[in-house]
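Welcome! Take a moment to look around the structure below, and then we will walk through it together.

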Amino acid sequence: MRNADAHGGSDDERVVKSPTIRTVTPDDLEAVNDIYNHYVRTSHATFDLEPLTAERRRVWLDEHDPHRHPILVAARDERIVGYASAGRFRARPGYDTTVETSVYVDEAASGTGVGTSLYAALFDALAGRGLHRAVAGIALPNDASIALHLRAGFRQVAHFTEQGWKFRTLLGRRVVRTLAHLTGPIRGISLVNLQLLRHTKRRRSACEHSR
Ligand SMILES: CC(C)(COP(=O)(O)OP(=O)(O)OC[C@H]1O[C@@H](n2cnc3c(N)ncnc32)[C@H](O)[C@@H]1OP(=O)(O)O)[C@@H](O)C(=O)NCCC(=O)NCCS
């Protein structure tokens with residue numbers, strides 16, 4: 001199954017329409033939460049351990065300033081099939097030029113170009129907002145997410161091990177043991193800024209240590 005527009009091919013039996021991408025509205029929240037909570041219950045894509053309530057999801061929407069931290073949804077035939085968001089990386093104001101991005105696609109629509117379309121639109125929306133870095137953390141294994149982020153211009157900068165804990169007894173060897181942190185600028189990549197990021201991190205942990 002392919003998305004003819006996203007991947008440029010139409011030779012498979014079933015060609016899937018490109019989704020319509022638009023800004024989230026409160027009416028979308030139930031569908032957004034259903035998509036997310038499916039992954040809470042079934043995968044290590046998120047380290048939430050319990051499904052989010054409708055109330056918590058409304059708070060999440062309110063926490064995103066639409067002028068700085070957009071949330072986009074993808075719809076096919078008026079059904080929400082995925083969403084992508086950019087949020088604060090850290091609460092301290094010195095991090096305000098960095099966003100953390102996130103994307104979830106309805107499992108039934110995955111692999112059909114929805115994530116790619118959402119991220120393309122998200123990074124278009126982020127341009128010109130005075131931002132410098134986008135960061136994403138991916139619990140491994142997650143081949144689809146790695147492919148999506150590399151395609152969107154992210155590069156791996158760190159590999160955290162044993163950082164999360166989920167499905168200890170249920171999934172056994174599928175428990176996440178490692179986290180890869182990917183980072184990339186809004187456009188392109190710069191070694192100078194990578195060093196700055198590391199420098200900032202060192203200084204921050206030194207500060208925390210001294211408290
Ligand atoms: C990760 C996710 C957002 C990708 O969205 P998607 O709509 O399925 O992805 P697309 O169809 O746009 O494909 C994006 C890339 O992933 C690859 N891909 C898609 N599904 C894949 C799979 N199951 N295995 C390996 N690669 C896969 C595609 O080939 C494409 O790579 P390319 O650009 O090099 O051709 C989606 O699978 C998802 O929601 N997964 C669960 C939640 C999650 O992991 N979110 C990310 C948290 S960090």
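Let us begin at the ligand. By class, the shell around the ligand holds 11 nonpolar, eight polar and two charged residues. In all, 21 residues surround the ligand, and the closest are Ala-45, Ser-110, Gly-115, Thr-116 and Ala-144. Please keep in mind that this is a predicted model.

H5 gives the most, with six residues.

Now step back to the whole chain. You will find six helices and nine strands in the chain. Of its 211 residues, 26% are buried. Among contacts in the chain with a separation of 6 or more, 63% are between residues 24 or more positions apart.

Finally, visit the loop between strand S4 (71-76) and strand S5 (79-88), where Asp-77 has its place. Glu-78 is found in the loop between S4 and S5 as well. Most residues other than glycine have a negative phi. Asp-77, however, has a positive phi, and Glu-78 has a positive phi although it is not a glycine. Here are the two side by side:

| Residue | Phi | Other C-beta atoms within 10 Å |
|---|---|---|
| Asp-77 | near 50° | 8 atoms |
| Glu-78 | about 65° | 6 atoms |

Notes. Residues are numbered from 1 along each chain as its sequence is written. This is a predicted model: local features need pLDDT of at least 70, side-chain atom pairs count only at pLDDT 80 or more; totals for chains, interfaces and linings use all residues. Helices (H or I, at least four residues) and strands (E, at least two) are DSSP runs, numbered from the N terminus. A residue is buried if 20 or more other C-beta atoms lie within 10 Å of its own, exposed if 12 or fewer, and partly exposed in between; C-beta atoms are placed from the backbone. Two residues are in contact if their C-beta atoms, placed from the backbone, lie within 7 Å. A residue is near a molecule or strand if its C-beta atom, placed from the backbone, lies within 6 Å of it. Ala, Val, Leu, Ile, Met, Phe, Trp, Tyr, Cys and Pro count as nonpolar, Asp, Glu, Lys and Arg as charged, and the others, Gly among them, as polar.
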